[in-house]
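Have a look at the structure first, then read on.

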Amino acid sequence: MQALAFVDLETTGGSATKDRITEIGIVLVDDDGVREWSQLVHPQMRIPLFIEQMTGISNAMVKNAPTFEQVAKDVDALLQGRLFIAHNARFDYGFLKNEFKRVGMVFKPQVLCTVKLSRALYPQHHQHNLDSLIERHQLTAKDRHRALADAQLIHQFWQHAHLQFAADAIEATVKNLVQRSSLPSQLDPNLVHELPEGPGVYLFYGENELPLYIGKSVNIRQRVLSHFAADHRQAKEMSLSQQTKRIDWIETGGELGALLTEAKLIKQMTPVHNQRLRRKNALCAWQLDQKQDQLLPRLTWANDLDFGTQDNLYGLYSNQRDAQKALRNLAEQHQLCLGVLGLEKIGSGKPCFAHQLKRCRGACVGKESGLEHATRLLTAMSKLKLASWPYPGAIGIREEDDLHVIDHWCYLGTAHSDEDVQKLLEQGRPAFDRDTYMTLVKALKKTQVVHLRSTPPHEAIRRRHSDA
């Protein structure tokens, strides 16, 4: 008989990287019978009130409990060599792996998720959470939302399934679930249990510390696994699959944080498989200079000018060729003079080529006044105008527990404390970035902001938590 460990944890929250374990419950099953083990754990952080109310585990109860570091060797010895079985196993496995990692220990068991086992054995049912299993299979819940009690429920489900299905059938199903992985063979198959289902950024690494690819998603796990789905794999995905040796991720409070973090990391780390966002600051835009009664476009560069503080900018382009092509297309659409715009050389008093084709109203030869041409140019370019920064200084955008700090269209970083806000404000602005600008223009239309220059950082953080 394979040795089994039915495991359940209680924690301070849902993030395996930010939150901590408050209680561990384990039911051990092997040839010697059934043994149970449970332990309250000091999480080294406060337990939120709503977690106290749900689990019944208070800060007072864990005050004198050992830390995970103090029980780590005992937990490792209990689980060593056993099939790790948990309901929504990614949660429990992820928390334990992170706790072991903090104390310098490696945790790589074989993992079975009883949510997936229930779906495989009982496909006729739609709900497979633990409460549904309790009701459907008449399991006995002694103290719901306590670690050992919930581990006992998982063991009861296991026993109930063995009464309804042949042992060989369950063994085959378990083997399939344990071995199944959508990841390339060179990656740890247990990674499928660790990847979070929330928003954030993921990084694929090859043989060194420079990422091959950086992506973002509102569901990291789903998006990462889609890269390795054989049924729609493209040449790029195949190459990425073969080269990837390690995957890291950064969880964010929402989609905005994922977008901002992705753009920032790609510009910093320039991964080889990111084409569009790898562009650095070779950005250029048109400015309109007034000369007598004319408005003349002049190309300006983000390297030479702080785009975040400028009011007279039109369009954002990766290079001079793209900028000139866009202006030429605009001129053709509005019958503007390419000669006056500086896109075509013309002699004094001579018409431009477009005028000879009746595609220019004659500003080049005086048939249209400079003021009329300038007015039409300004109207034509109005849709390309970059939005001016509408605030007197830096702002914060709240997203769940994150406060994104923004100044003049530049993403400074994400804060979780007063100190974070102050450090971000003091570090200065990075170079203007087109992708960040485009993301923020959309975001500011549908969100409230905190004015950080006029609001003390602690007040911004306090308001964020009071709104949560």
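1. Let's start with a helix pair. This is a predicted model, and in it helix H12 (residues 255-269) packs against helix H17 (residues 434-443) at an angle of about 170 degrees. Their axes are 9 Å apart. Angles over 145 degrees count as roughly antiparallel, so that is the label for H12 and H17.

2. Which residues make that contact? On the H12 side they are Leu256, Leu259, Leu260, Ala263 and Lys267, and on the H17 side Asp435, Thr436, Thr439, Leu440 and Ala443. Sorted by class, the contact of H12 with H17 has six nonpolar, two polar and two charged residues.

3. On to confidence. The protein chain has a mean pLDDT of 89, with 93% of its residues at 70 or more. The stretch to watch is residues 454-468, where pLDDT stays under 50. The model still has 24 contacts beyond four places in sequence for residues 454-468. I'd be careful with those: where pLDDT is low, the predicted coordinates should not be read in detail.

4. Cysteines next. How many disulfides are there? The count comes to zero. Cys284 is in no disulfide, and the nearest cysteine sulfur, in Cys410, sits 17 Å away. Cys284 also counts as buried, because its relative accessibility is 0%.

5. With a relative accessibility of 11%, Cys364 counts as buried.

6. Now some backbone angles. Asn88 has a phi near 55 degrees, which is positive, in a residue other than glycine. You'll find Asn88 in the loop between strand E4 (83-86) and helix H4 (89-102). Its relative accessibility is 38%, so Asn88 counts as partly exposed.

7. Trp409 is another one to check. Its phi is about 70 degrees, again positive, although Trp409 is not a glycine. Where does Trp409 sit? It is in the loop between strand E13 (402-407) and strand E14 (410-415). Is Trp409 buried or exposed? It is buried, because its relative accessible area is 4% and the limit for buried is under 20%.

Methods
Residues are numbered from 1 along each chain as its sequence is written. This is a predicted model: local features need pLDDT of at least 70, side-chain atom pairs count only at pLDDT 80 or more; totals for chains, interfaces and linings use all residues. Side-chain values use heavy atoms; hydrogens and water are left out. pLDDT is the predictor's confidence in each residue, from 0 to 100. Contact means heavy atoms within 4.5 Å. Axes are lines fitted to C-alpha atoms, for helices over the stretch in contact, and angles run from 0 to 180 degrees between N-to-C directions. Helices (H or I, at least four residues) and strands (E, at least two) are DSSP runs, numbered from the N terminus. Angles under 35 degrees count as roughly parallel, over 145 as roughly antiparallel, 65 to 115 as roughly perpendicular and the rest as oblique. Ala, Val, Leu, Ile, Met, Phe, Trp, Tyr, Cys and Pro count as nonpolar, Asp, Glu, Lys and Arg as charged, and the others, Gly among them, as polar. A disulfide is a pair of cysteine sulfur atoms within 2.5 Å. Buried means under 20% relative accessible area, exposed over 50%, partly exposed in between (1.4 Å probe, protein chains only).
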